[in-house]
Amino acid sequence: MPAGIRPRVNEAREFLEIAKDFKDPREIIREALSNSWDASASKASLKFNLVSHLGTRKKKILVEITDDGDGMGIDPRPGVGSSEIEGFFNLGDSGKPFGSIGSKGHGTKIYYKSLGIKVETWKRGKRVVAESEMAPWDTLQKGIVPTYRYEETEDSSGKGTRILIDGFQAKQSEFASLDELAQYVQWYTVQGSFGQYFNSPRRMDVEIKPTDGQFPVTLSYGFKFPDEQLDIDRGTDSICKLLGPRTIDCGKTEDGKEVRVQIVGALLGDSHRNIVPHTYTHMGLWLCKDFIRIERNNEILEEVFKGQYYYRSMLIFANCQQFDLTANRNDIRTDQEEYDLAVSGVKDFCRQIWSDELIKRYFDAKRTEEDTSKKAEDEKQQEERKSRARDTRRERVNRYKGRAALKAAHLVGALVKEPQNEAETALLLQAMISSRHPGIDFVIGEYNTTHGVDLIVEQIDKDMPTLKWAELVFSLDKLYQWPHPPEGFHCVICYQLGNVKEIQKFEDGQEAKLVSKAAPGKYTLLVGTESIDVYVLRDILSQAKK
């Protein structure tokens, strides 16, 4: 029986999948700054440029990352075996302390989503230049692990590390906006650390240049809550109450590992919420590691506060170094005892702040303000509706006064003004029928504008009572806008002819000819084999007046 068989690892597939785990291209910023921070850098720079793609008219993204950190050497690391420069290119070969964010050795694999990687680094008086020997991303997609080479020379003139990522795979728009990049840097990277609340003395200056910028811009280090303002009488908008900072011992795991949470936050009125990118997506509770925000978890607050309403006024950061992150560092693993202990400690903290007298007064005052504001807004909207209605009626009256009078003195119940639409044309037609106008030789049997033909009319045709289909339009030229000619109609009633020619085509190309009859205002519309009677009410009334 075979024994001692080691499972095979498809190295290229693992490299590819780890690189694909980084869904947001801007995560290259997070990884670069974390590495600079771990290298004890005091300054770091990220520049994004668009450069020509040889042989095409296209542009590609060139990323340049520099820092003044400790650099990387080629000497084997104690307890690791490989060198720092090898660990940079290798997968899962980090020499960082277990449990720290970079201990999995996955971060720099996002650089593999490119056409090429070049590293220039100085350490202990020596300069190392390393670069990929083939296009990393294309090679991985072919199932091959890309190779690299490096060379060490004596050179004490430089310090830190410079990395060039050629042809980084991303949309160019991802790195075009300085505001969006700065927002990402200050919210999702070490640059937005809140470690100063727990006596972390370190800082790192960062400059960044977007593809649309000419010069790099320096970003301030660290996250800072606004100054406290506890006077509720000044309104809830200006309130800022700091919560913590506090370090909470959450107990030990079964194997004796201590779990500790460092938590700080604030109750923030509306005027202070500009410190977050977006209120609805960033307020609430954030679980963190290395004082970097990892994921928002407002379900914890909702459980303690009994509702979603409250977290929008809270911004709380809970840092736990015992959290274990997923490979892409975007999520925290929840299937571990350390996580459960940490969350339990966070809930205890939230229960304590929920009993705070000022916080209770804040939410009571906020509800009162919102009720008052809603009432005022409702009254304002109601007044605006009334005003719009008054304006509409005023405009309608003015338009009515400007309309031409209907010249039909002998009609009973006729409109005062000339018709301007089908409904008014129908009213005029009925008035002419009721007044027994000689130009109308039928009566309306049924009028229905929702199904098919508008009218069924009754007419004496050759001494025989006859039912006929009739269509009603304000202006005859509207008939020609139909997709096809009328079919099965006996007559059309309109107020005016409009812009109608003697011979005119319908939308489908069929030709119609309009022929006048001896009687004023009456025509015949000839369409193929169809012969349709046309009644023009304006012309009929005009001739009757004469």
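Reader: At what angle do the axes of helix 7 and helix 8 cross?

Author: Happy to start there. This is a predicted model, and in it the axes of helix 7 (residues 298-305) and helix 8 (residues 337-354) cross at roughly 45° and come within 10 Å.

Reader: What makes helix 7 oblique to helix 8?

Author: Angles under 35 degrees count as roughly parallel and 65 to 115 as roughly perpendicular. The crossing is at roughly 45°, so helix 7 is oblique to helix 8. The crossing is also right-handed. On the helix 7 side, the contact involves residues including Ile300, Leu301 and Phe305, and by class the contact has nine nonpolar, no polar and three charged residues.

Reader: Why is Gln191 called buried?

Author: Buried means under 20% relative accessible area, and Gln191 has 0%, so the label applies. Gln191 sits in the loop between helix 5 (178-188) and strand 7 (205-209). Its contacts beyond four places in sequence include Leu33, Met204 and Tyr221.

Reader: What makes the aromatic pair of Trp187 and Trp286 edge-to-face?

Author: Planes over 60 degrees apart count as edge-to-face, and here the angle between the planes is 80°, with 5.6 Å centre to centre. Trp187 lies in helix 5 and Trp286 in strand 11, so the pair ties together parts that are 99 residues apart in sequence.

Reader: And what makes the pair of Phe474 and Tyr495 stacked?

Author: Planes under 30 degrees apart count as stacked; for Phe474 and Tyr495 the angle is 10°, at 6.3 Å centre to centre. Both Phe474 and Tyr495 are buried.

Notes. Residues numbered from 1 in each chain as written. Predicted model: local features only at pLDDT ≥ 70, side-chain atom pairs only at ≥ 80, totals over all residues. Heavy atoms only, no water. Axes fitted to C-alpha atoms, helices over the stretch in contact; angles between N-to-C directions. Helix = DSSP H or I, 4+ residues; strand = E, 2+ residues; numbered from the N terminus. Parallel < 35°, antiparallel > 145°, perpendicular 65-115°, else oblique. Left-handed = near helix turned anticlockwise from the far one by under 90°. Contact = heavy atoms within 4.5 Å. Nonpolar A, V, L, I, M, F, W, Y, C, P; charged D, E, K, R; others polar. Buried < 20%, exposed > 50% of the residue type's maximum accessible area, 1.4 Å probe, protein only. Phe/Tyr/Trp six-rings, centres within 6.5 Å; stacked < 30°, edge-to-face > 60°.
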